[in-house]
Amino acid sequence: MKYNNHPYRPFQPNKLNTVEMHCTQEEFLNILSGVHRQGIINVIHYLVDQTPFFTCPNAVAGDHHHKWEGGLAQHCLGVYKYMLEVGKELIDSGKLSPESIAIVGLLHDISKANKYEKLPSGQWIHRRKPLHWDGDGRRSIKLLDMLGLELTLEEREAILCHMHDEIGKGTGKHSLLHTLVRRCDRMDAGRNGR
Ligand SMILES: [Fe+2]
Ligand SMILES: [Fe+2]
């Protein structure tokens with residue numbers, strides 16, 4: 001798949017206007033449409049027609065990053081772009097594929113897409129009180145499985161454990177993809193997200 005490696009320069013970091021949200025959506029969908037993988041069309045359909053993925057915030061409370069409208073998609077696109085930038089040598093040497101980076105970067109937090117709803121007042125709230133917290137990664141994998149997206153083992157592990165080091169605990173063995181998404185998730189949350 002085609003990709004470009006320009007350094008990532010986000011929109012004004014702590015908010016998005018309507019045009020920026022629209023640009024984010026268009027860019028996000030352009031990249032995802034370039035992924036040739038079974039089930040990707042179901043994922044696109046889910047994001048566009050069944051959830052507020054492109055307008056909802058990444059979080060609605062607490063000291064979390066990207067807490068503004070459009071913040072979730074902005075963050076996911078940001079993680080993807082940092083992965084391309086930081087992982088450039090790995091991509092150029094064929095150790096990581098741009099397609100895996102697109103899937104993991106763009107979709108690692110897909111489970112948050114149905115987590116929030118917007119009140120008539122404009123305020124975003126949790127749709128329902130979460131009874132159990134599985135973790136973003138675990139819920140994202142469940143959702144992608146439901147949507148029928150074909151994933152490699154490395155992609156699955158990278159999404160599942162993007163918040164922690166469950167894989168290889170004690171052995172120090174992490175896949176390149178897992179290490180990259182963890183690093184870039186934190187980079188995007190820290191650099192652009194407050
Ligand atoms: Fe996450
Ligand atoms: Fe994230």
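**Close-up views of helix packing and selected residues**

View 1. Thr24, Phe28 and Ile31 are the buried residues of helix 1, where a residue is buried if 20 or more other C-beta atoms lie within 10 Å of its own, exposed if 12 or fewer, and partly exposed in between, with C-beta atoms placed from the backbone. Because these residues cover an arc of only 65° around the axis, they sit on the same side of helix 1, the arc being that of the directions from the helix axis to the C-beta atoms. This is a predicted model, in which local features need pLDDT of at least 70 and side-chain atom pairs count only at pLDDT 80 or more, while totals for chains, interfaces and linings use all residues. Residues are numbered from 1 along each chain as its sequence is written, and chains are lettered from A and ligands numbered from 1 in the order in which they are written. Helices (H or I, at least four residues) and strands (E, at least two) are DSSP runs numbered from the N terminus. On the face of helix 1 turned away from its buried side are the exposed residues Thr18, Val19, Glu26, Asn30 and Ser33. Helix 1 spans residues 18-33, and its 16 residues reach 22 Å from the first C-alpha to the last, close to the 22 Å expected at 1.5 Å a residue; the expected span is 1.5 Å times one less than the number of residues. An α-helix has 3.6 residues a turn, so residues three or four places apart point the same way.

**View 2. Helix 1 against helix 3.** The buried residues of helix 1 pack against helix 3 (71-86) and helix 5 (98-107). Helix 1 and helix 3 pack at an angle of about 50°, with their axes 10 Å apart; axes are lines fitted to C-alpha atoms, for helices over the stretch in contact, and angles run from 0 to 180 degrees between N-to-C directions. That angle makes helix 1 oblique to helix 3, since angles under 35 degrees count as roughly parallel, over 145 as roughly antiparallel, 65 to 115 as roughly perpendicular and the rest as oblique. Thr24, Gln25, Glu27, Phe28 and Ile31 in helix 1 meet Ala73, Gln74, Leu77 and Tyr80 in helix 3, two residues being in contact if their C-beta atoms, placed from the backbone, lie within 7 Å.

View 3. In helix 2, which covers residues 40-50, Ile40, Val43 and Leu47 are buried. Viewed down the axis of helix 2, its buried residues fall within an arc of 60°, so they line one face of the helix. The cover over these buried residues includes helix 1, helix 5 and helix 6 (136-146). His45, Asp49 and Gln50 are exposed on the other side of helix 2.

**View 4. Helix 5 beside helix 7.** The axes of helix 5 and helix 7 (residues 153-160) come within 10 Å and cross at roughly 20°. Helix 5 is therefore roughly parallel to helix 7. Ser100, Ile103, Val104 and Leu107 of helix 5 meet Glu154, Glu155, Ala158 and Ile159 of helix 7.

**View 5. Trp124 and its contacts.** Trp124 is found in strand 2 and is buried, with 22 other C-beta atoms within 10 Å. When residues up to four places away in sequence are not counted, Trp124 touches Cys56, Pro57, Val60, Tyr116 and Lys118. Trp124 and Pro57 are 67 residues apart along the chain, yet their C-alpha atoms are separated by 7.7 Å.

View 6. Gly122 lies in the loop between strand 1 (116-118) and strand 2 (124-126), and is exposed, with 7 other C-beta atoms within 10 Å. The C-alpha atoms of Gly122 and Glu69, which are 53 residues apart along the chain, are separated by 9.9 Å. His66, found in the loop between helix 2 and helix 3, counts as buried, with 25 C-beta neighbours inside 10 Å. The phi of His66 is near 50°, a positive value in a residue other than glycine.
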